[in-house]
Amino acid sequence: MSHIESSKNAALTRRKFLGSAVATTAGLTIAPGVLLFRAAQAKPAAQAVTSKVRWGLLIDNTKCSTGCDDCVTACKTVHKLEGHNRPETDVQWIRKLTVTDKQTGHVMSLPMMCQHCGNPPCVDVCPTGASFKRADGIVLVDRHICIGCRYCMMACPYKARSFEHEVVHDQSVSAPRGKGTVESCTLCVYRVDHGKIPACVEACNEAKHGAMLFGDLNDPESEISKRLTKYGGKEIRADLGLNTGVRYQGI
Amino acid sequence: MSVGLYKKKLSLLLAGLILTLPLSLFAEGILPTVPKAKAKATAEYGCVNPVADMRRNHMKYLLHHRDQTMHKGIRTKKYSLAKCIACHVTPDKNGKYPKFGDNDFFCSSCHNYAAVTIDCFQCHNDNPKSAYSSLNLNRQSLPEGHEKFTSNDTLPSGDAK
């Protein structure tokens, strides 16, 4: 529904748009140089997700600072991810990478997580069908089916997936997880289904970094699409042709 | 005594035994004692469906709902495992919640008796008090540039506070 409405909105002229926006003050937000009109609704609980929407993230790397790991902390807190002081094998759904350009000495830091590929290699290799892509583009592991073979971990070029080696207690109700299965960033699927934004994005914005933006890549009126259209966004390892849902600026 | 009368007496005796058998079994604790749910989900049935149906088919409902939620993002509350737990797992006198595996944990009370192993709680939380607060669903403020959503469906509240 909202998709249809938004395409109708796109057809409005700027003048008409402004006029109607003034008439209906509700739902209008004016940010510097940006007008937002649409008030998206969380989908009804009984409705299945559709491919009309494709959820994505835009990470503005010029605003992401070295040493800040607010997004990582938020993810670990919300999903109750606990380590065992074994950095090589402890689970991580999102991590910070520090990349140095050897030629210029330029150092940058960027968050790395499941890139929610359009053509996910983890899904290609999964022998049981546990690794799958939801209609709205979110790549997930169905741990009811996962046998813990870790083939997907090998296939992922982003090292985004982890294997839980230990028995887990007191899990988050919204993020059930246990020993012997593979897991990764879910794009906070339970929050998204309830009309909320992912925890990392929320934390980044609450701390006034504003380096992460979440939205619908299929909706030309969404803020993320507008920014991507205007400034572009890079895929990491674009040469692999994976059509990632997570895009980066300033890398 | 004629054979016919003897047969009649024996059958009466047997009938009496059969009638009292279930009662004595419960009294002596041979059959499992299933803890009472916290509240009635529906006025007419008690549970979300008639109890007899739930006893026979709960696994089918849970399995179906599991796939619907996981793969299609359908998050209705009727057959949600978290909602079952919220209502069926009750605290003892000291306010302590039983863990999965204890005989006074709702699922275990019967599954231990029937020797049917379930692995739901290797991943899912068995405690109804586990916080939905991690979701921060009440937070209204959204950062600049994000669409303002209005959630018209809330999570099962249960007794999660």
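Leu187(A) sits in the loop that links strand 9 (182-183) to helix 6 (189-193) of chain A. Helices here are DSSP runs of H or I with at least four residues, strands are runs of E with at least two, and both are numbered from the N terminus. This is a predicted model, in which local features need pLDDT of at least 70, side-chain atom pairs count only at pLDDT 80 or more, and totals for chains, interfaces and linings use all residues. Residues are numbered from 1 along each chain as its sequence is written, while chains are lettered from A and ligands numbered from 1 in the order in which they are written.

Back to our starting residue. Leu187(A) is not a glycine, yet its phi is positive, at about 55°. Most residues other than glycine have a negative phi. Is Leu187(A) buried or exposed? Leu187(A) counts as buried because 27 other C-beta atoms lie within 10 Å. The cut-offs, with C-beta atoms placed from the backbone, are 20 or more other C-beta atoms within 10 Å for buried, 12 or fewer for exposed, and anything in between for partly exposed.

You will find Arg237(A) in the loop between helix 8 (223-231) and strand 11 (246-249) of chain A. Arg237(A) is exposed, because 11 other C-beta atoms lie within 10 Å.

Now for the strands of chain A. Strands of a sheet pair through backbone hydrogen bonds, either parallel or antiparallel. Two strands are taken as paired if DSSP finds at least two bridges between them. In chain A, three strands form an open sheet in the order 10-3-11, with mixed pairing. Strand 10 (212-216) and strand 11 of chain A are at the edges with a single partner strand each, so one side of each has no neighbour in the sheet. From one strand to the next, the twist averages 20°, where axes are lines fitted to C-alpha atoms (for helices over the stretch in contact) and angles run from 0 to 180 degrees between N-to-C directions. Strand 3 (residues 55-60) of chain A runs antiparallel to strand 10 of chain A, and five bridges join them. Ile59(A) stands opposite Met212(A) in strand 10 of chain A.

Another pair in chain A is a hairpin. Strand 4 (residues 94-100) and strand 5 (residues 107-113) of chain A are antiparallel and joined by seven bridges. Arg95(A) faces Met112(A), which belongs to strand 5 of chain A. Six residues lie between the two strands of this hairpin, and Gly105(A) there has a positive phi near 80°.

Let us move to chain B. What elements does chain B have? Chain B contains four helices and zero strands. Of its 161 residues, 16% are buried. Helix 2 (residues 51-72) of chain B has a kink of about 70° centred on Asn57(B); the bend at a residue is the angle between axes fitted to the seven residues ending there and the seven starting there. After helix 2 of chain B comes Gly73(B), with a positive phi near 70°.

Our last stop is Tyr79(B), in the loop between helix 2 and helix 3 (81-88) of chain B. Tyr79(B) is partly exposed, because 19 other C-beta atoms lie within 10 Å. Leaving aside residues up to four places away in sequence, Tyr79(B) touches Tyr61(B), Leu62(B) and His65(B), where contact means C-beta atoms, placed from the backbone, within 7 Å.

Technical notes. Contact = placed C-beta atoms within 7 Å.
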